[in-house]
Amino acid sequence: MSPRAPGSPQARTEARWGAIFAAPALLLIVVILLAPLAVLVALSATDYRLGAIAVRMIGLDNYAAMFADPVFQRSLRNTFLYVAFVLPVAVFGGLGVALLVHARIRTRTIYEVIYFLPVTSTLVAMATVWQFMLHPTLGPVTPLLADLGFGRIDLLNDPDFALGTLALIGIWQLIGFNMVLFLAGLSAIPRELYEAAALDGARYGADRFLRVTWPLLGPTTMFVTVTSTVTAFKVFDTVVVLTRGGPLGSTETLLYILYLEGFQYFRMGYAAAMTVVLLVFLAGLSILQARVLERKVHYA
Amino acid sequence: MRPGRLIGRIASHAVLLAGAVVMAAPFVWMLLTSIRPPEEVFGAVFDPIPSRFAGVENYGQALGASNLPRAMLNGVIVCGGILAVQLLTAIPAAYALARLSFRGRGLLFGLVLFGLCIPIQVPALPLYIALANLRLLDTYFALMMPFFLTVFGLFLFRQFFRTYPEEILQAARLDGMGEFEIVWRIAAPAALPAIAAFSVFSVVAHWNDLYWPLIVVTSSERATPALGILAFRDAETGGNYGALMAAAALITGPMIVGFLVARRAFVRGITMTGVR
(Lines give C-alpha, C1' and ligand atoms only; values in the text may rest on other atoms or scores of the structure.)
Protein backbone atom coordinates (compact mmCIF):
# COMPACT_ATOMS: atom_id res chain seq x y z
CA MET A 1 0.00 0.00 0.00
CA SER A 2 1.34 3.42 -0.86
CA PRO A 3 2.31 5.49 2.16
CA ARG A 4 0.00 8.36 2.92
CA ALA A 5 0.75 11.18 5.29
CA PRO A 6 -1.42 10.95 8.38
CA GLY A 7 -3.82 13.86 8.48
CA SER A 8 -3.73 14.33 4.71
CA PRO A 9 -7.11 14.67 3.03
CA GLN A 10 -6.80 11.25 1.46
CA ALA A 11 -5.93 9.59 4.77
CA ARG A 12 -8.94 11.22 6.38
CA THR A 13 -11.27 10.15 3.57
CA GLU A 14 -9.89 6.64 3.87
CA ALA A 15 -10.41 6.52 7.63
CA ARG A 16 -13.96 7.74 7.25
CA TRP A 17 -14.93 5.28 4.54
CA GLY A 18 -13.15 2.45 6.34
CA ALA A 19 -15.26 3.08 9.42
CA ILE A 20 -18.45 3.34 7.36
CA PHE A 21 -17.74 0.07 5.51
CA ALA A 22 -16.81 -1.77 8.67
CA ALA A 23 -19.72 -0.52 10.79
CA PRO A 24 -22.45 -2.97 9.65
CA ALA A 25 -20.13 -5.96 10.00
CA LEU A 26 -19.00 -4.77 13.42
CA LEU A 27 -22.62 -4.32 14.51
CA LEU A 28 -23.39 -7.88 13.41
CA ILE A 29 -20.35 -9.20 15.29
CA VAL A 30 -21.53 -7.48 18.47
CA VAL A 31 -25.19 -8.57 18.18
CA ILE A 32 -24.70 -12.11 16.89
CA LEU A 33 -21.39 -13.08 18.47
CA LEU A 34 -20.12 -11.01 21.39
CA ALA A 35 -23.34 -10.17 23.22
CA PRO A 36 -24.65 -13.77 23.05
CA LEU A 37 -21.30 -15.05 24.33
CA ALA A 38 -21.44 -12.74 27.33
CA VAL A 39 -25.06 -13.70 28.02
CA LEU A 40 -24.18 -17.37 27.65
CA VAL A 41 -21.44 -17.28 30.28
CA ALA A 42 -23.67 -15.31 32.68
CA LEU A 43 -26.59 -17.66 32.02
CA SER A 44 -24.48 -20.70 32.86
CA ALA A 45 -24.26 -19.44 36.46
CA THR A 46 -28.06 -19.29 36.89
CA ASP A 47 -30.97 -21.69 37.17
CA TYR A 48 -32.88 -19.85 34.41
CA ARG A 49 -35.65 -21.71 32.63
CA LEU A 50 -37.51 -20.16 29.71
CA GLY A 51 -40.57 -18.38 31.04
CA ALA A 52 -39.48 -18.61 34.68
CA ILE A 53 -40.36 -15.62 36.88
CA ALA A 54 -37.54 -15.90 39.41
CA VAL A 55 -33.91 -16.47 38.51
CA ARG A 56 -31.23 -17.36 41.05
CA MET A 57 -27.47 -17.17 40.76
CA ILE A 58 -26.16 -20.62 41.54
CA GLY A 59 -22.48 -20.20 40.69
CA LEU A 60 -20.87 -23.33 39.36
CA ASP A 61 -23.70 -25.68 40.39
CA ASN A 62 -24.70 -26.29 36.75
CA TYR A 63 -21.18 -27.43 35.93
CA ALA A 64 -21.03 -29.67 38.98
CA ALA A 65 -24.43 -31.18 38.18
CA MET A 66 -23.41 -31.70 34.57
CA PHE A 67 -20.22 -33.60 35.26
CA ALA A 68 -22.07 -35.74 37.79
CA ASP A 69 -24.87 -36.49 35.31
CA PRO A 70 -24.58 -39.99 33.82
CA VAL A 71 -26.42 -38.85 30.67
CA PHE A 72 -23.85 -36.13 30.08
CA GLN A 73 -20.98 -38.51 30.76
CA ARG A 74 -22.42 -41.03 28.35
CA SER A 75 -22.93 -38.39 25.66
CA LEU A 76 -19.33 -37.26 26.06
CA ARG A 77 -18.14 -40.86 25.75
CA ASN A 78 -20.34 -41.46 22.70
CA THR A 79 -19.12 -38.28 21.03
CA PHE A 80 -15.45 -39.13 21.53
CA LEU A 81 -16.08 -42.68 20.35
CA TYR A 82 -17.80 -41.34 17.25
CA VAL A 83 -14.88 -38.99 16.53
CA ALA A 84 -12.42 -41.84 17.06
CA PHE A 85 -14.37 -43.94 14.52
CA VAL A 86 -14.77 -41.25 11.90
CA LEU A 87 -11.49 -39.38 12.05
CA PRO A 88 -8.89 -41.93 10.87
CA VAL A 89 -11.05 -43.32 8.07
CA ALA A 90 -12.22 -39.92 6.85
CA VAL A 91 -8.67 -38.49 6.83
CA PHE A 92 -6.66 -41.43 5.50
CA GLY A 93 -9.52 -42.61 3.30
CA GLY A 94 -9.76 -39.12 1.83
CA LEU A 95 -6.01 -39.07 1.27
CA GLY A 96 -6.04 -42.52 -0.33
CA VAL A 97 -8.89 -41.67 -2.69
CA ALA A 98 -7.20 -38.36 -3.58
CA LEU A 99 -3.92 -40.14 -4.41
CA LEU A 100 -5.70 -42.67 -6.63
CA VAL A 101 -7.93 -40.08 -8.30
CA HIS A 102 -5.00 -37.71 -8.85
CA ALA A 103 -3.17 -40.37 -10.87
CA ARG A 104 -6.16 -40.93 -13.18
CA ILE A 105 -6.41 -38.78 -16.28
CA ARG A 106 -9.47 -39.61 -18.34
CA THR A 107 -11.66 -40.93 -15.50
CA ARG A 108 -10.59 -38.36 -12.89
CA THR A 109 -13.66 -36.13 -13.24
CA ILE A 110 -16.12 -39.02 -12.98
CA TYR A 111 -14.59 -40.30 -9.73
CA GLU A 112 -14.34 -36.77 -8.33
CA VAL A 113 -18.04 -36.17 -8.97
CA ILE A 114 -19.18 -39.49 -7.47
CA TYR A 115 -17.10 -39.19 -4.31
CA PHE A 116 -18.19 -35.61 -3.85
CA LEU A 117 -21.95 -36.20 -4.27
CA PRO A 118 -22.61 -36.94 -0.56
CA VAL A 119 -20.98 -33.65 0.46
CA THR A 120 -23.38 -31.40 -1.43
CA SER A 121 -26.51 -33.46 -0.87
CA THR A 122 -28.93 -32.69 1.95
CA LEU A 123 -27.85 -34.91 4.84
CA VAL A 124 -31.34 -35.07 6.36
CA ALA A 125 -32.77 -36.35 3.06
CA MET A 126 -29.93 -38.81 2.51
CA ALA A 127 -30.25 -40.04 6.10
CA THR A 128 -33.85 -41.02 5.40
CA VAL A 129 -32.53 -42.93 2.37
CA TRP A 130 -29.97 -44.67 4.58
CA GLN A 131 -32.72 -45.51 7.06
CA PHE A 132 -34.68 -47.18 4.30
CA MET A 133 -31.57 -48.99 2.99
CA LEU A 134 -30.83 -50.26 6.50
CA HIS A 135 -34.45 -51.26 7.15
CA PRO A 136 -34.28 -54.86 8.45
CA THR A 137 -36.98 -56.25 6.13
CA LEU A 138 -37.32 -53.76 3.24
CA GLY A 139 -33.76 -52.55 2.68
CA PRO A 140 -30.98 -54.22 0.69
CA VAL A 141 -28.26 -54.01 3.37
CA THR A 142 -29.54 -56.57 5.87
CA PRO A 143 -29.94 -59.40 3.32
CA LEU A 144 -26.54 -58.48 1.89
CA LEU A 145 -24.89 -58.77 5.31
CA ALA A 146 -26.75 -62.02 5.95
CA ASP A 147 -25.46 -63.44 2.65
CA LEU A 148 -21.93 -62.47 3.66
CA GLY A 149 -22.37 -64.48 6.84
CA PHE A 150 -22.83 -61.68 9.37
CA GLY A 151 -26.32 -62.78 10.36
CA ARG A 152 -29.38 -60.55 10.29
CA ILE A 153 -28.39 -57.37 12.12
CA ASP A 154 -30.73 -54.43 12.57
CA LEU A 155 -27.88 -51.94 12.47
CA LEU A 156 -29.75 -48.86 13.68
CA ASN A 157 -31.67 -50.60 16.47
CA ASP A 158 -28.85 -52.61 17.98
CA PRO A 159 -27.08 -50.76 20.85
CA ASP A 160 -23.80 -52.39 19.83
CA PHE A 161 -23.94 -51.20 16.24
CA ALA A 162 -26.01 -47.99 16.11
CA LEU A 163 -23.18 -45.54 16.86
CA GLY A 164 -20.84 -47.31 14.46
CA THR A 165 -23.50 -47.18 11.76
CA LEU A 166 -23.90 -43.43 12.27
CA ALA A 167 -20.11 -43.15 12.07
CA LEU A 168 -20.08 -44.99 8.74
CA ILE A 169 -22.67 -42.56 7.39
CA GLY A 170 -20.53 -39.70 8.75
CA ILE A 171 -17.52 -41.09 6.91
CA TRP A 172 -19.61 -41.51 3.75
CA GLN A 173 -20.47 -37.80 3.93
CA LEU A 174 -17.00 -36.53 4.83
CA ILE A 175 -14.62 -38.50 2.65
CA GLY A 176 -15.34 -36.59 -0.59
CA PHE A 177 -14.83 -33.27 1.17
CA ASN A 178 -11.43 -34.38 2.41
CA MET A 179 -10.59 -35.79 -1.02
CA VAL A 180 -11.13 -32.37 -2.60
CA LEU A 181 -8.88 -30.70 -0.03
CA PHE A 182 -6.14 -33.30 -0.56
CA LEU A 183 -6.46 -32.99 -4.35
CA ALA A 184 -5.89 -29.25 -4.04
CA GLY A 185 -2.85 -29.95 -1.88
CA LEU A 186 -1.53 -32.54 -4.34
CA SER A 187 -1.80 -30.26 -7.36
CA ALA A 188 0.19 -27.61 -5.48
CA ILE A 189 3.23 -29.91 -5.28
CA PRO A 190 5.72 -28.97 -8.03
CA ARG A 191 6.45 -31.78 -10.48
CA GLU A 192 10.19 -31.06 -10.37
CA LEU A 193 10.33 -32.27 -6.78
CA TYR A 194 9.33 -35.77 -7.91
CA GLU A 195 11.95 -35.68 -10.65
CA ALA A 196 14.56 -34.56 -8.14
CA ALA A 197 13.53 -37.33 -5.77
CA ALA A 198 13.79 -39.85 -8.63
CA LEU A 199 17.34 -38.65 -9.34
CA ASP A 200 18.12 -39.07 -5.64
CA GLY A 201 17.17 -42.70 -5.95
CA ALA A 202 13.51 -42.66 -4.94
CA ARG A 203 12.55 -45.16 -7.60
CA TYR A 204 9.36 -46.57 -6.16
CA GLY A 205 6.01 -44.96 -5.58
CA ALA A 206 6.14 -45.54 -1.85
CA ASP A 207 9.56 -43.90 -1.68
CA ARG A 208 8.37 -40.83 -3.53
CA PHE A 209 5.28 -40.67 -1.35
CA LEU A 210 7.30 -40.71 1.89
CA ARG A 211 10.00 -38.30 0.67
CA VAL A 212 7.89 -35.75 -1.24
CA THR A 213 4.12 -36.13 -1.04
CA TRP A 214 3.61 -36.76 2.67
CA PRO A 215 5.89 -33.97 3.96
CA LEU A 216 4.54 -31.40 1.50
CA LEU A 217 0.94 -32.34 2.29
CA GLY A 218 1.66 -31.71 5.98
CA PRO A 219 -0.31 -28.46 6.31
CA THR A 220 -3.23 -29.90 4.30
CA THR A 221 -3.29 -33.06 6.44
CA MET A 222 -3.26 -30.93 9.57
CA PHE A 223 -6.12 -28.79 8.31
CA VAL A 224 -8.17 -31.79 7.17
CA THR A 225 -7.66 -33.47 10.53
CA VAL A 226 -8.85 -30.46 12.49
CA THR A 227 -11.90 -29.73 10.30
CA SER A 228 -12.85 -33.42 10.30
CA THR A 229 -12.62 -33.49 14.09
CA VAL A 230 -14.84 -30.43 14.40
CA THR A 231 -17.35 -31.84 11.93
CA ALA A 232 -17.45 -35.22 13.66
CA PHE A 233 -17.69 -33.53 17.05
CA LYS A 234 -20.82 -31.69 15.92
CA VAL A 235 -22.68 -34.82 14.77
CA PHE A 236 -26.38 -34.01 15.02
CA ASP A 237 -28.47 -34.44 11.85
CA THR A 238 -28.10 -38.21 11.58
CA VAL A 239 -28.88 -38.63 15.29
CA VAL A 240 -32.12 -36.65 14.94
CA VAL A 241 -33.22 -38.44 11.78
CA LEU A 242 -32.11 -42.00 12.52
CA THR A 243 -31.90 -42.80 16.23
CA ARG A 244 -32.99 -39.88 18.45
CA GLY A 245 -30.24 -40.89 20.83
CA GLY A 246 -31.36 -44.51 21.08
CA PRO A 247 -31.28 -47.46 21.35
CA LEU A 248 -30.62 -47.30 25.11
CA GLY A 249 -28.84 -43.96 24.80
CA SER A 250 -26.10 -45.50 22.71
CA THR A 251 -26.15 -42.65 20.19
CA GLU A 252 -26.77 -39.72 22.53
CA THR A 253 -24.13 -37.20 21.53
CA LEU A 254 -23.09 -33.92 23.11
CA LEU A 255 -24.92 -31.70 20.64
CA TYR A 256 -28.05 -33.83 20.77
CA ILE A 257 -28.47 -33.69 24.55
CA LEU A 258 -27.56 -30.00 24.45
CA TYR A 259 -30.43 -29.55 22.01
CA LEU A 260 -32.77 -31.52 24.27
CA GLU A 261 -31.85 -29.67 27.47
CA GLY A 262 -31.95 -26.21 25.89
CA PHE A 263 -34.74 -26.34 23.36
CA GLN A 264 -36.98 -29.22 24.46
CA TYR A 265 -36.79 -29.03 28.27
CA PHE A 266 -35.89 -25.30 28.26
CA ARG A 267 -33.39 -25.65 31.12
CA MET A 268 -31.47 -22.67 29.81
CA GLY A 269 -28.94 -22.26 32.62
CA TYR A 270 -27.93 -25.90 32.50
CA ALA A 271 -27.78 -25.92 28.69
CA ALA A 272 -25.65 -22.76 28.79
CA ALA A 273 -23.10 -24.52 30.99
CA MET A 274 -23.08 -27.39 28.52
CA THR A 275 -22.54 -24.96 25.66
CA VAL A 276 -19.56 -23.44 27.48
CA VAL A 277 -18.01 -26.91 27.68
CA LEU A 278 -18.69 -27.43 23.97
CA LEU A 279 -17.11 -24.05 23.31
CA VAL A 280 -13.97 -25.00 25.21
CA PHE A 281 -13.57 -28.17 23.13
CA LEU A 282 -14.25 -26.47 19.81
CA ALA A 283 -12.22 -23.36 20.60
CA GLY A 284 -9.22 -25.50 21.43
CA LEU A 285 -9.52 -27.27 18.09
CA SER A 286 -10.24 -24.08 16.19
CA ILE A 287 -7.29 -22.19 17.64
CA LEU A 288 -5.19 -24.99 16.22
CA GLN A 289 -7.00 -24.61 12.90
CA ALA A 290 -6.66 -20.81 12.84
CA ARG A 291 -2.93 -21.13 13.41
CA VAL A 292 -2.63 -23.53 10.49
CA LEU A 293 -4.73 -21.17 8.38
CA GLU A 294 -2.58 -18.20 9.36
CA ARG A 295 0.61 -20.06 8.49
CA LYS A 296 -0.76 -20.71 5.03
CA VAL A 297 -1.72 -17.10 4.55
CA HIS A 298 1.80 -15.93 5.37
CA TYR A 299 3.55 -18.34 3.08
CA ALA A 300 0.99 -18.25 0.26
CA MET B 1 3.15 -50.65 -21.01
CA ARG B 2 4.99 -52.79 -18.50
CA PRO B 3 2.84 -55.49 -16.89
CA GLY B 4 3.55 -54.09 -13.40
CA ARG B 5 2.03 -50.75 -14.31
CA LEU B 6 -0.97 -52.39 -15.94
CA ILE B 7 -1.65 -54.36 -12.77
CA GLY B 8 -1.28 -51.18 -10.75
CA ARG B 9 -3.78 -49.40 -12.94
CA ILE B 10 -6.29 -52.21 -12.72
CA ALA B 11 -5.91 -52.37 -8.95
CA SER B 12 -6.37 -48.63 -8.56
CA HIS B 13 -9.50 -48.68 -10.72
CA ALA B 14 -10.84 -51.63 -8.75
CA VAL B 15 -10.42 -49.79 -5.44
CA LEU B 16 -11.88 -46.55 -6.77
CA LEU B 17 -14.78 -48.35 -8.39
CA ALA B 18 -15.63 -50.29 -5.23
CA GLY B 19 -15.63 -47.06 -3.24
CA ALA B 20 -17.68 -45.29 -5.90
CA VAL B 21 -20.35 -48.01 -5.69
CA VAL B 22 -20.73 -47.42 -1.94
CA MET B 23 -20.73 -43.64 -2.41
CA ALA B 24 -23.39 -43.73 -5.14
CA ALA B 25 -25.52 -46.56 -3.70
CA PRO B 26 -27.93 -44.35 -1.68
CA PHE B 27 -28.50 -42.07 -4.66
CA VAL B 28 -29.19 -44.98 -6.99
CA TRP B 29 -31.45 -46.61 -4.41
CA MET B 30 -33.29 -43.33 -3.82
CA LEU B 31 -33.94 -42.78 -7.54
CA LEU B 32 -34.91 -46.40 -8.22
CA THR B 33 -37.33 -46.50 -5.29
CA SER B 34 -38.82 -43.14 -6.25
CA ILE B 35 -40.10 -44.69 -9.50
CA ARG B 36 -40.99 -48.09 -7.97
CA PRO B 37 -44.67 -49.02 -7.43
CA PRO B 38 -45.62 -49.60 -3.74
CA GLU B 39 -46.43 -53.31 -4.17
CA GLU B 40 -42.82 -53.91 -5.21
CA VAL B 41 -41.28 -52.05 -2.26
CA PHE B 42 -42.93 -54.57 0.04
CA GLY B 43 -42.60 -57.47 -2.39
CA ALA B 44 -40.83 -60.62 -1.26
CA VAL B 45 -38.84 -60.91 -4.45
CA PHE B 46 -36.00 -58.45 -4.70
CA ASP B 47 -35.49 -57.01 -8.16
CA PRO B 48 -33.57 -53.75 -8.43
CA ILE B 49 -35.27 -52.59 -11.63
CA PRO B 50 -38.93 -51.56 -11.18
CA SER B 51 -41.42 -53.62 -13.24
CA ARG B 52 -43.44 -50.54 -14.14
CA PHE B 53 -42.75 -46.81 -13.95
CA ALA B 54 -44.52 -45.35 -10.92
CA GLY B 55 -42.60 -42.07 -10.87
CA VAL B 56 -45.62 -39.93 -11.66
CA GLU B 57 -47.69 -41.18 -8.71
CA ASN B 58 -44.74 -41.13 -6.27
CA TYR B 59 -43.49 -37.65 -7.18
CA GLY B 60 -47.07 -36.46 -7.47
CA GLN B 61 -47.78 -37.66 -3.96
CA ALA B 62 -44.58 -36.13 -2.60
CA LEU B 63 -45.50 -32.77 -4.09
CA GLY B 64 -49.27 -32.85 -3.72
CA ALA B 65 -49.98 -34.44 -0.36
CA SER B 66 -47.31 -32.67 1.62
CA ASN B 67 -45.68 -29.44 2.63
CA LEU B 68 -42.69 -30.01 0.38
CA PRO B 69 -43.23 -27.24 -2.22
CA ARG B 70 -43.67 -24.77 0.62
CA ALA B 71 -40.51 -25.98 2.32
CA MET B 72 -38.55 -25.65 -0.90
CA LEU B 73 -39.88 -22.15 -1.51
CA ASN B 74 -38.92 -21.26 2.07
CA GLY B 75 -35.46 -22.66 1.36
CA VAL B 76 -35.11 -20.29 -1.60
CA ILE B 77 -36.33 -17.31 0.46
CA VAL B 78 -34.11 -18.04 3.45
CA CYS B 79 -30.97 -18.85 1.41
CA GLY B 80 -31.52 -15.78 -0.79
CA GLY B 81 -32.09 -13.45 2.16
CA ILE B 82 -29.08 -14.73 4.05
CA LEU B 83 -26.80 -14.49 1.00
CA ALA B 84 -27.95 -10.96 0.11
CA VAL B 85 -27.21 -9.57 3.58
CA GLN B 86 -23.94 -11.52 3.81
CA LEU B 87 -22.64 -10.07 0.54
CA LEU B 88 -23.87 -6.53 1.23
CA THR B 89 -22.16 -6.38 4.62
CA ALA B 90 -19.09 -8.58 4.08
CA ILE B 91 -17.79 -7.17 0.79
CA PRO B 92 -17.35 -3.52 1.88
CA ALA B 93 -16.08 -4.52 5.33
CA ALA B 94 -13.58 -6.97 3.82
CA TYR B 95 -12.43 -4.29 1.37
CA ALA B 96 -11.93 -1.89 4.30
CA LEU B 97 -10.00 -4.57 6.23
CA ALA B 98 -7.76 -5.24 3.25
CA ARG B 99 -7.18 -1.80 1.73
CA LEU B 100 -8.19 1.09 4.00
CA SER B 101 -6.55 2.19 7.20
CA PHE B 102 -9.03 3.17 9.86
CA ARG B 103 -9.20 3.06 13.62
CA GLY B 104 -10.02 -0.36 15.03
CA ARG B 105 -9.01 -2.29 11.92
CA GLY B 106 -6.71 -4.62 13.85
CA LEU B 107 -9.39 -5.23 16.48
CA LEU B 108 -12.01 -6.00 13.83
CA PHE B 109 -9.75 -8.49 12.10
CA GLY B 110 -8.98 -10.10 15.45
CA LEU B 111 -12.74 -10.49 16.03
CA VAL B 112 -13.12 -12.09 12.59
CA LEU B 113 -10.42 -14.66 13.39
CA PHE B 114 -12.05 -15.29 16.76
CA GLY B 115 -15.43 -15.70 15.08
CA LEU B 116 -14.04 -18.41 12.82
CA CYS B 117 -13.79 -20.61 15.93
CA ILE B 118 -17.43 -20.17 17.02
CA PRO B 119 -20.12 -22.38 15.47
CA ILE B 120 -23.83 -21.44 15.53
CA GLN B 121 -24.47 -23.85 18.42
CA VAL B 122 -22.67 -21.49 20.79
CA PRO B 123 -24.71 -18.26 20.42
CA ALA B 124 -27.88 -20.29 19.69
CA LEU B 125 -29.20 -20.26 23.26
CA PRO B 126 -29.04 -16.48 23.94
CA LEU B 127 -30.24 -15.70 20.41
CA TYR B 128 -33.22 -18.02 20.94
CA ILE B 129 -34.11 -16.31 24.23
CA ALA B 130 -33.85 -12.88 22.61
CA LEU B 131 -36.02 -13.92 19.65
CA ALA B 132 -38.56 -15.49 22.03
CA ASN B 133 -38.77 -12.30 24.08
CA LEU B 134 -39.21 -10.20 20.94
CA ARG B 135 -41.98 -12.61 19.81
CA LEU B 136 -39.98 -13.27 16.63
CA LEU B 137 -39.74 -17.06 16.78
CA ASP B 138 -41.11 -18.96 13.79
CA THR B 139 -40.42 -16.09 11.36
CA TYR B 140 -38.19 -15.77 8.32
CA PHE B 141 -36.19 -13.21 10.26
CA ALA B 142 -35.45 -15.74 13.02
CA LEU B 143 -34.35 -18.29 10.43
CA MET B 144 -31.96 -15.88 8.74
CA MET B 145 -30.69 -13.55 11.46
CA PRO B 146 -27.78 -15.55 13.00
CA PHE B 147 -26.27 -16.07 9.54
CA PHE B 148 -26.27 -12.42 8.48
CA LEU B 149 -22.82 -12.36 9.99
CA THR B 150 -20.30 -14.37 8.01
CA VAL B 151 -16.83 -14.24 9.47
CA PHE B 152 -15.81 -16.81 6.89
CA GLY B 153 -16.94 -14.49 4.08
CA LEU B 154 -15.17 -11.54 5.69
CA PHE B 155 -11.96 -13.53 5.95
CA LEU B 156 -12.22 -14.93 2.42
CA PHE B 157 -12.96 -11.62 0.70
CA ARG B 158 -10.26 -9.85 2.69
CA GLN B 159 -7.69 -12.37 1.47
CA PHE B 160 -8.90 -11.77 -2.07
CA PHE B 161 -8.87 -7.97 -1.89
CA ARG B 162 -5.34 -7.99 -0.47
CA THR B 163 -4.03 -9.40 -3.74
CA TYR B 164 -5.76 -6.76 -5.87
CA PRO B 165 -3.28 -4.32 -7.50
CA GLU B 166 -3.06 -0.98 -5.68
CA GLU B 167 -2.29 0.93 -8.92
CA ILE B 168 -5.78 0.30 -10.27
CA LEU B 169 -7.35 1.59 -7.06
CA GLN B 170 -5.14 4.68 -7.13
CA ALA B 171 -5.96 5.30 -10.80
CA ALA B 172 -9.67 5.08 -9.99
CA ARG B 173 -9.20 7.59 -7.15
CA LEU B 174 -7.38 9.97 -9.50
CA ASP B 175 -10.30 9.63 -11.88
CA GLY B 176 -12.44 11.03 -9.10
CA MET B 177 -14.10 7.78 -8.02
CA GLY B 178 -15.20 7.64 -4.39
CA GLU B 179 -14.47 4.63 -2.18
CA PHE B 180 -18.10 3.50 -2.34
CA GLU B 181 -17.96 3.38 -6.12
CA ILE B 182 -14.58 1.66 -6.04
CA VAL B 183 -15.95 -1.16 -3.85
CA TRP B 184 -19.00 -1.92 -5.93
CA ARG B 185 -17.81 -1.05 -9.44
CA ILE B 186 -14.16 -2.19 -9.34
CA ALA B 187 -13.31 -4.40 -6.37
CA ALA B 188 -16.52 -6.50 -6.22
CA PRO B 189 -16.61 -7.35 -9.96
CA ALA B 190 -12.95 -8.36 -9.76
CA ALA B 191 -13.80 -10.65 -6.85
CA LEU B 192 -16.55 -12.43 -8.78
CA PRO B 193 -14.88 -15.89 -8.69
CA ALA B 194 -14.52 -15.63 -4.92
CA ILE B 195 -18.08 -14.32 -4.59
CA ALA B 196 -19.44 -17.18 -6.71
CA ALA B 197 -17.60 -19.79 -4.68
CA PHE B 198 -18.73 -18.21 -1.40
CA SER B 199 -22.34 -17.99 -2.62
CA VAL B 200 -22.39 -21.67 -3.50
CA PHE B 201 -20.95 -22.49 -0.10
CA SER B 202 -23.48 -20.33 1.73
CA VAL B 203 -26.55 -21.57 -0.16
CA VAL B 204 -25.61 -25.25 0.26
CA ALA B 205 -24.96 -24.79 3.98
CA HIS B 206 -28.30 -23.11 4.68
CA TRP B 207 -30.44 -25.24 2.39
CA ASN B 208 -29.11 -28.30 4.19
CA ASP B 209 -29.05 -26.87 7.73
CA LEU B 210 -31.11 -28.66 10.37
CA TYR B 211 -29.96 -27.44 13.81
CA TRP B 212 -31.14 -23.83 13.77
CA PRO B 213 -34.41 -24.34 11.83
CA LEU B 214 -35.30 -27.21 14.17
CA ILE B 215 -34.95 -24.78 17.09
CA VAL B 216 -36.79 -21.69 15.85
CA VAL B 217 -39.46 -23.12 13.54
CA THR B 218 -42.66 -24.60 14.97
CA SER B 219 -45.21 -24.16 12.16
CA SER B 220 -45.22 -25.99 8.86
CA GLU B 221 -45.55 -22.62 7.08
CA ARG B 222 -41.95 -21.80 7.98
CA ALA B 223 -40.45 -25.26 7.44
CA THR B 224 -37.14 -25.30 5.58
CA PRO B 225 -36.16 -28.12 3.17
CA ALA B 226 -34.54 -30.22 5.92
CA LEU B 227 -37.60 -29.81 8.17
CA GLY B 228 -39.91 -30.54 5.24
CA ILE B 229 -38.43 -33.96 4.54
CA LEU B 230 -38.35 -34.76 8.27
CA ALA B 231 -42.05 -33.90 8.66
CA PHE B 232 -42.94 -35.85 5.53
CA ARG B 233 -41.18 -38.94 6.82
CA ASP B 234 -42.85 -38.72 10.24
CA ALA B 235 -46.29 -38.25 8.63
CA GLU B 236 -45.79 -41.25 6.34
CA THR B 237 -46.54 -43.81 9.04
CA GLY B 238 -47.84 -46.27 6.48
CA GLY B 239 -44.37 -46.40 5.03
CA ASN B 240 -44.95 -45.17 1.50
CA TYR B 241 -41.30 -45.41 0.67
CA GLY B 242 -41.73 -44.59 -3.01
CA ALA B 243 -43.14 -41.17 -2.19
CA LEU B 244 -40.62 -40.69 0.63
CA MET B 245 -37.71 -41.36 -1.70
CA ALA B 246 -39.27 -39.05 -4.27
CA ALA B 247 -39.43 -36.37 -1.56
CA ALA B 248 -35.79 -36.95 -0.64
CA ALA B 249 -34.81 -36.66 -4.30
CA LEU B 250 -36.75 -33.40 -4.63
CA ILE B 251 -35.09 -31.87 -1.56
CA THR B 252 -31.54 -32.87 -2.35
CA GLY B 253 -31.94 -32.61 -6.15
CA PRO B 254 -31.38 -28.85 -6.47
CA MET B 255 -28.09 -29.12 -4.56
CA ILE B 256 -26.87 -31.99 -6.73
CA VAL B 257 -27.92 -30.36 -10.00
CA GLY B 258 -26.32 -27.12 -8.81
CA PHE B 259 -23.13 -29.01 -8.05
CA LEU B 260 -23.04 -30.67 -11.46
CA VAL B 261 -23.62 -27.32 -13.18
CA ALA B 262 -21.21 -25.22 -11.10
CA ARG B 263 -18.70 -27.91 -10.16
CA ARG B 264 -15.70 -25.60 -10.33
CA ALA B 265 -17.21 -22.96 -8.05
CA PHE B 266 -18.19 -25.74 -5.63
CA VAL B 267 -14.72 -27.20 -5.49
CA ARG B 268 -13.15 -23.76 -5.25
CA GLY B 269 -15.47 -22.95 -2.36
CA ILE B 270 -14.31 -26.05 -0.52
CA THR B 271 -10.61 -25.59 -1.20
CA MET B 272 -10.77 -21.94 -0.21
CA THR B 273 -11.79 -23.00 3.27
CA GLY B 274 -8.38 -24.57 3.67
CA VAL B 275 -5.82 -23.72 1.11
CA ARG B 276 -6.21 -20.05 0.43
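In this predicted model, the buried residues of helix α10 in chain B pack against α1 (9–43) of chain A, along with α4 (68–99) and α8 (151–162) of chain B. Helices here are DSSP runs (H or I, at least four residues), numbered from the N terminus, and a contact puts two C-beta atoms, placed from the backbone, within 7 Å of each other. Local features need pLDDT of at least 70, side-chain atom pairs count only at pLDDT 80 or more, and totals for chains, interfaces and linings use all residues. Residues are numbered from 1 along each chain as its sequence is written, while chains are lettered from A and ligands numbered from 1 in the order written.

The buried residues of α10(B), which runs over 179–190, include B:Glu179, B:Val183 and B:Ala187. Buried means 20 or more other C-beta atoms within 10 Å of a residue's own, exposed means 12 or fewer, and partly exposed falls in between, with C-beta atoms placed from the backbone. These three sit on the same side of α10(B) because they cover an arc of only 50 degrees around the axis, taken from the directions from the helix axis to the C-beta atoms. Turned away from that buried side are the exposed B:Arg185 and B:Pro189.

As for the two chains, 75 residues of chain B touch 73 of chain A. Helix α1 (residues 3–34) of chain B gives the most to chain B's side, with eleven residues.

Over in chain A, helix α7(A) is mostly covered, with 21 of its 26 residues buried. A kink of about 30 degrees is centred on A:Leu174, the bend being the angle between axes fitted to the seven residues ending there and the seven starting there.

Notes
Helix = DSSP H or I, 4+ residues; strand = E, 2+ residues; numbered from the N terminus.
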